[in-house]
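Reader: I would like to go through this one term by term. Please show me the sequence and the structure.

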Amino acid sequence: MLAVAWLLAAAPSAIRASATPTEYTKNQAPVYDDDFIGPAPYKTPLYLPTADGALSGRIIAIDAGHGGYDGGAKGGAGLWEKTYNLQISLALKDQLTAQGATVIMTRDGDYSLADFRPAIRKKRQDMERRAQLVLAGGAELLVSIHQNEYRKASEHGPQVFYRADCAAGKAFAALVQTNLNAELLPSSHRKANVGDFYTNSLGIPSALIECGFLSNPTEEANLRDSAYQRRIASAIVKSITEWFAQENPPAAAARENR
Ligand SMILES: [Zn+2]
């Protein structure tokens, strides 16, 4: 931490001045650490229903993983994970609002919710602000969209994660995993797994969805394809619809104090 403070103090004033955030701009061109424009103030991208449907009256949160300075994993085509996450999240938002849902997105462009300075603990600040948007907006359910990677290129297929002690998350993640397997990879026997992720700790039913592996060239090409992205979205919508159609859904574990 001392080293970071020293670097900032030692930076030429011209560099520091040019790096000062001006205003919050959504849907900006790809941003890099040094020209990142911080969200001040940040707002909830809220999408209202476009039609009546099975999800009328529901409020659902979509967290497109990473964004802005945080690219996540890098795909074989040179695209950052944040790009696939956003495209799939926007497709999901379109399908959910068409089924009557109100959708809260933690981001709807290429940005993070962290301040430009200080440069430390940005990930933490980004995640806490995402949580704030989701909970303040009254979301009843949260899906976080990510892509996987692995050192073995042969690894492929969707993988869903839930919080270990959350009965709701476990049941919801199982639904999503089943529907994604059926839609994308019927031969897969993969089951939803326990995973320790911040977005699964908020006290509402939630799942973190790794849609596929960027380290597998065939799957990476699929994940870039808008028709394939819409198929992912429709399997998630099916799962969410099935979730809310339950008579007695299992309860979510209380929010974790992190
Ligand atoms: Zn990720």
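Author: What follows is a set of questions about the terms used for this predicted model.

Reader: How confident is the predictor in the protein?

Author: The average pLDDT is 84. A score of at least 70 is reached by 82% of the residues. Residues 1-41 have a pLDDT below 50. Beyond near neighbours in sequence, that stretch has 40 contacts in the model.

Reader: Which elements does the protein have, and in what order?

Author: Seven helices and seven strands. From the N terminus on, they run α-α-β-β-α-β-α-β-β-α-β-β-α-α.

Reader: What is the order of the strands in the sheet?

Author: The order is 1-3-2-4-7-5-6. The sheet is open, has seven strands and shows mixed pairing.

Reader: Why are strand 1 and strand 6 said to stand at the edges?

Author: Strand 1 (46-47) and strand 6 (193-194) each have a single partner strand, so one side of each is left without a neighbour in the sheet.

Reader: What makes strand 1 and strand 3 a pair?

Author: Pairing needs at least two bridges. Strand 1 and strand 3 have two bridges, in the antiparallel sense, so they count as paired. Leu 46 stands opposite Ile 104 in strand 3.

Reader: In which sense do strand 2 and strand 3 pair?

Author: Strand 2 and strand 3 pair in the parallel sense, over four bridges. Ile 104 in strand 3 is the bridge partner of Ala 61.

Reader: Which residues of strand 3 point which way?

Author: Thr 102 and Ile 104 point one way, and Val 103 and Met 105 point the other way. All are buried. As background, side chains in a regular strand alternate between the two faces of the sheet.

Reader: How do you know that strand 7 pairs with strand 4 and with strand 5?

Author: The cut-off is at least two bridges. Strand 4 (residues 141-148) and strand 7 share six bridges, in the parallel sense. Strand 5 (residues 159-162) is joined to strand 7 by three bridges, and these two run antiparallel. Both counts meet the cut-off, so both are pairs. Leu 208 in strand 7 has Ser 144 standing opposite. Phe 161 also stands opposite Leu 208.

Reader: Why is strand 7 called mostly covered?

Author: Eight of the eight residues in strand 7 (residues 206-213) are buried. In the protein, buried residues make up 43% of the 258 residues.

Reader: What makes His 66 buried?

Author: The cut-off is 20 or more other C-beta atoms within 10 Å. His 66 has 25, so His 66 is buried. His 66 is placed in the loop between strand 2 and helix 3 (81-98).

Reader: What is the phi of His 66?

Author: Phi of His 66 is near 65°. That is a positive value in a residue other than glycine.

Reader: Is Ser 112 buried or exposed, and how do you know?

Author: Ser 112 has 26 other C-beta atoms within 10 Å. Buried takes 20 or more, so Ser 112 is buried. Ser 112 lies in the loop between strand 3 (102-105) and helix 4 (122-136).

Reader: Which residues does Ser 112 touch, leaving out those up to four places away in sequence?

Author: Gly 67, Gly 68, Tyr 69, Asp 70 and Asp 126. Arg 129 is 17 residues from Ser 112 in sequence, and their C-alpha atoms are 9.5 Å apart.

Reader: How do helix 5 and helix 7 pack?

Author: Helix 5 (residues 167-184) and helix 7 (residues 226-245) pack at about 145°, with axes 9 Å apart. The crossing is right-handed. Helix 5 contributes residues including Phe 172, Leu 175 and Leu 184. Helix 7 contributes residues including Ile 232, Ala 235 and Trp 243. By class, the contact has nine nonpolar, two polar and four charged residues.

Reader: Where does helix 7 touch the sheet?

Author: Helix 7 touches strand 2 (59-64), strand 4 and strand 7. The direction of helix 7 makes about 150° with that of strand 4.

Reader: How many of the contacts join residues at least 24 apart in sequence?

Author: The share is 78% of the contacts between residues at least 6 apart in sequence.

How values were computed
Residues are numbered from 1 along each chain as its sequence is written. This is a predicted model: local features need pLDDT of at least 70, side-chain atom pairs count only at pLDDT 80 or more; totals for chains, interfaces and linings use all residues. Axes are lines fitted to C-alpha atoms, for helices over the stretch in contact, and angles run from 0 to 180 degrees between N-to-C directions. A crossing is left-handed if the near helix is turned anticlockwise from the far one by less than a right angle, and right-handed if clockwise. Two residues are in contact if their C-beta atoms, placed from the backbone, lie within 7 Å. Ala, Val, Leu, Ile, Met, Phe, Trp, Tyr, Cys and Pro count as nonpolar, Asp, Glu, Lys and Arg as charged, and the others, Gly among them, as polar. pLDDT is the predictor's confidence in each residue, from 0 to 100. A residue is buried if 20 or more other C-beta atoms lie within 10 Å of its own, exposed if 12 or fewer, and partly exposed in between; C-beta atoms are placed from the backbone.
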